[in-house]
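Here are a few quick notes to read alongside the model. Have it open and find each spot as you go.

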Amino acid sequence: MFLGEYQHSLDIKARVIIPAKFREELGPKFVASKGLDNCIFLYPMDEWIIIENKIRSLPFTRADVRSFARFFFSGASELDIDKQGRILLPQNLREYANIDKELVIIGVGARVEIWANETWASYNQTAESSYGVFAESLVDLGL
């Protein structure tokens with residue numbers, strides 16, 4: 001399980017160090033994709049396969065399913081961690097997430113998310129004000 005929040009920055013070659021706590025669980029190869037809320041999702045290969053199979057099982061005759069699959073898979077890349085614990089963030093994903101230099105890497109259970117520092121701060125501020133409402137909704141769902 002991925003937990004925690006880490007402040008990092010891109011180096012001049014668009015590489016970022018993945019927190020040591022996340023490296024082992026991500027494995028030597030993993031998938032990065034366009035996430036929701038303008039962040040980047042990182043999935044270990046076993047988790048990626050589960051998500052891929054779920055999306056593939058959806059009815060492709062539905063326009064919304066086709067649209068989501070195109071968006072999600074076309075932006076995905078298989079990445080490797082180098083010996084210094086860095087990954088090269090693809091340009092299309094950096095542009096999608098508005099990542100220029102400063103970024104935040106967070107653990108979200110089964111995945112890792114990478115956010116532009118400003119986007120994360122804004123999202124966090126908005127979500128924080130609704131935290132109690134979210135908690136109540138989750139309790140209503142039986143969590």
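1. Start with two helices: α2 (residues 45-57) and α3 (residues 63-74) have axes that come within 11 Å and cross at roughly 155 degrees. Axes here are lines fitted to C-alpha atoms over the stretch in contact, with angles running from 0 to 180 degrees between N-to-C directions. That makes the pair roughly antiparallel, a label for angles over 145 degrees.

2. What holds the meeting place of α2 and α3? Trp48, Ile51, Glu52 and Ile55 come from α2, while Phe68, Ala69, Phe72 and Phe73 come from α3; contact means heavy atoms within 4.5 Å. By class, that is seven nonpolar residues, no polar ones and one charged.

3. A word on the source: this is a predicted model, where local features need pLDDT of at least 70 and side-chain atom pairs need 80 or more, though totals for chains, interfaces and linings use all residues. Residues are numbered from 1 along each chain, and side-chain values use heavy atoms, leaving out hydrogens and water.

4. Now look at Glu113 in strand β8 (residues 111-116). Is Glu113 buried or exposed? Glu113 is buried because its relative accessibility is 6%, and buried means under 20% (1.4 Å probe, protein chains only). Leaving aside neighbours within four places in sequence, Glu113 touches residues including Cys39, Phe41 and Ile106.

5. Last, check two backbone angles. Ala14 isn't a glycine, yet its phi is positive, near 70 degrees; Ala14 sits in the loop between β1 (5-9) and β2 (15-17). Asn98 also has a positive phi, about 55 degrees, and lies in the loop between α4 (91-96) and β7 (102-108). Helices (H or I, at least four residues) and strands (E, at least two) are DSSP runs, numbered from the N terminus.

Terms used. Buried means under 20% relative accessible area, exposed over 50%, partly exposed in between (1.4 Å probe, protein chains only). Angles under 35 degrees count as roughly parallel, over 145 as roughly antiparallel, 65 to 115 as roughly perpendicular and the rest as oblique. Ala, Val, Leu, Ile, Met, Phe, Trp, Tyr, Cys and Pro count as nonpolar, Asp, Glu, Lys and Arg as charged, and the others, Gly among them, as polar.
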